[in-house]
Amino acid sequence: IIRSTSTNKKSIGEFFSQHLSFPFLQYKDHLHVARAERQYIYDTAGKRYLDFFAGIVTVGVGHCHPKLIDAATKQMNKYWHLSTYYLQDTVRDYAEKLLEHFKDDTGLSVCLFVNSGSEANDLALHLAKEYTKQTEVISLRNSYHGVLQSTLCLTNIAGFKRPYLTGSRVAMNPDPYRGIWGGRHCRDSPVQTTRSCNCEKDQCQASDKYIEQLDELLSHEVSKKKVAGMWIESIQGYGGSVQFPKTYVKRATELVQQNGGLYIADEVQTGFGRTGTHFWGYQAHGAKPDIVVMAKSIANGFPFAAIVTRPEIAKTIGNYFNTYGGNPIGCAVASAVLDVIKEEKLQENTLKVGTHILQRLAKLRDQLPDVVGDVRGKGLLIGMEMVTDKESRKPFPIAKMNAILDRCRENGLLLGKGGNSGNVFRIKPPMCITMEDANFAMDVLEDAIRKEL
Ligand code: PMP
């Protein structure tokens, strides 16, 4: 039987909907991209957009950075791929450079390279189970750790089906805005609320409650000493830039570690300076991971990912073979990413511009308290949660969220949305944006919101 393959007469929009599975096509009138450069994307009609989503934090140093193109081209002219059978300078140089960022007291000194964040978390899962000889794993509600069958057991957010596998437990999410014990005033954000609270300097009462819950989960459901590990995003990304009350991450992970489990810090969104104050998100929590998972901005969108761990943990699975993991082109690009972050002081810029954006959003929150429920985040990992009114905090309708996104797009700004109910604007631009970009984006967003009220 010869089937017709005449797909070429369809519009690209029709083709995508009939022959591809891309669930997140965002706009009423789909955006058809032609090219991108630094913080801008251009559509096929030549219109320029300021990119405030950056391929979901992936494009850290900006689109098509010439240093990255140069690094990739040089490597491609030398050789593309040799597998891991031979010694290669590009791979060694990158691993050495990456480990420079682990000169803290965590003892993390072995890199394992893979191709995506999901694969990195899957490898971390394998290591945690092998090292501890335990099977139970814990992650937080509202978390995202990937879409492999294994990592879907760690992902707990609407729209992602849990597979039929056992051994994964879900802990209460210490969400200071939606959670029952609050904690907004104890978040590590330049726009934390000033409502007075009774917490001591290093002690948060909301955090105490969530830790009690985790302890109960460990004692009764998991049964202490059976835990292989706990996964935490240093700030929840897909879940809507949710930050935790102070001390939670440190105390939760220490509790797990005291019970023989590992702490796996998922830095896929929070790593590489994205939060402004620290290179890795876990550093702000004062916590000590056993495994750090990284992807996305590690190579600015080139498919590449890694975990870094301690030698005794890495050893438990013997030699790790992965055809494209640690490929030299990825290593060359990732190495250039580290150089550019340093040379262009992108972490510092992230802190400065991100804080400015947060302050502008907080002003809007104060002016429109019945619509803008919460503003949170750090650096350029920002969330603005929209509600129907400040008492009920019911999620803002999706149709209105989409209308605001469409309006922003018309005016040259691309944003993301997320959270369990899709009611959080996610602001994650490339780290090279300027104050002018920030002001332009905030003007456009504010105007779009006011028009949709
Ligand atoms: N962890 C986190 C925190 C993520 O945000 C993502 C991707 N959204 C992943 C893991 C999975 O990464 P990937 O899509 O590369 O598999």
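This is a predicted model: local features need pLDDT of at least 70, side-chain atom pairs count only at pLDDT 80 or more; totals for chains, interfaces and linings use all residues.
Residues are numbered from 1 along each chain as its sequence is written, and side-chain values use heavy atoms, leaving out hydrogens and water.

**View 1. The second largest pocket and its lining.** This pocket holds about 440 Å³ of space. A pocket here is an open set of points on a 1 Å grid over the protein atoms alone, with protein on both sides within 12 Å along at least five of seven lines; a lining residue has an atom within 4 Å of a point. Points are joined across faces, edges and corners, and a volume is the space filled by probe spheres set on them. Of the 20 lining residues, Thr 84, Val 91, Cys 111, Phe 113 and Gly 326 lie nearest the centre. H4 gives the most, with five residues. Helices (H or I, at least four residues) and strands (E, at least two) are DSSP runs, numbered from the N terminus. By class, the lining divides into 11 nonpolar, seven polar and two charged residues. Ala, Val, Leu, Ile, Met, Phe, Trp, Tyr, Cys and Pro count as nonpolar, Asp, Glu, Lys and Arg as charged, and the others, Gly among them, as polar.

**View 2. The largest cavity.** A cavity is a set of grid points where a 1.4 Å probe fits but cannot get out. The whole structure has two of 30 Å³ or more, and the largest holds about 80 Å³. Among its lining residues are Asp 188, Phe 244, His 285 and Lys 378. Helix H8 (residues 281-285) gives the most to this lining, with three residues. The lining has three nonpolar, five polar and two charged residues.

**View 3. The second largest cavity.** Here the space comes to about 40 Å³. His 81, Gln 88, Asn 327 and Pro 328 are among the residues that line it. Look for charged residues in this lining and you will find none, beside two nonpolar and eight polar ones.

View 4. An automatic or database domain assignment gives domain 1 (12-52 + 345-451) and domain 2 (69-343). Their contact (heavy atoms within 4.5 Å) takes 37 residues from domain 1 and 36 residues from domain 2. In domain 1, Gln 347, Lys 378 and Leu 381 lose the most area to domain 2.

**View 5. Two salt bridges in close-up.** A salt bridge is a side-chain nitrogen of Lys or Arg within 4 Å of a carboxyl oxygen of Asp or Glu. Lys 378 pairs with Asp 188 (2.8 Å, N to O). Asp 374 pairs with Arg 184 (3.4 Å, N to O). This second pair links distant parts of the chain, with Asp 374 in strand S11 (residues 372-378) and Arg 184 in the loop between strand S6 (168-171) and helix H6 (205-222).

Key
Buried area is the accessible area (1.4 Å probe) that two parts lose on being put together, summed over both.
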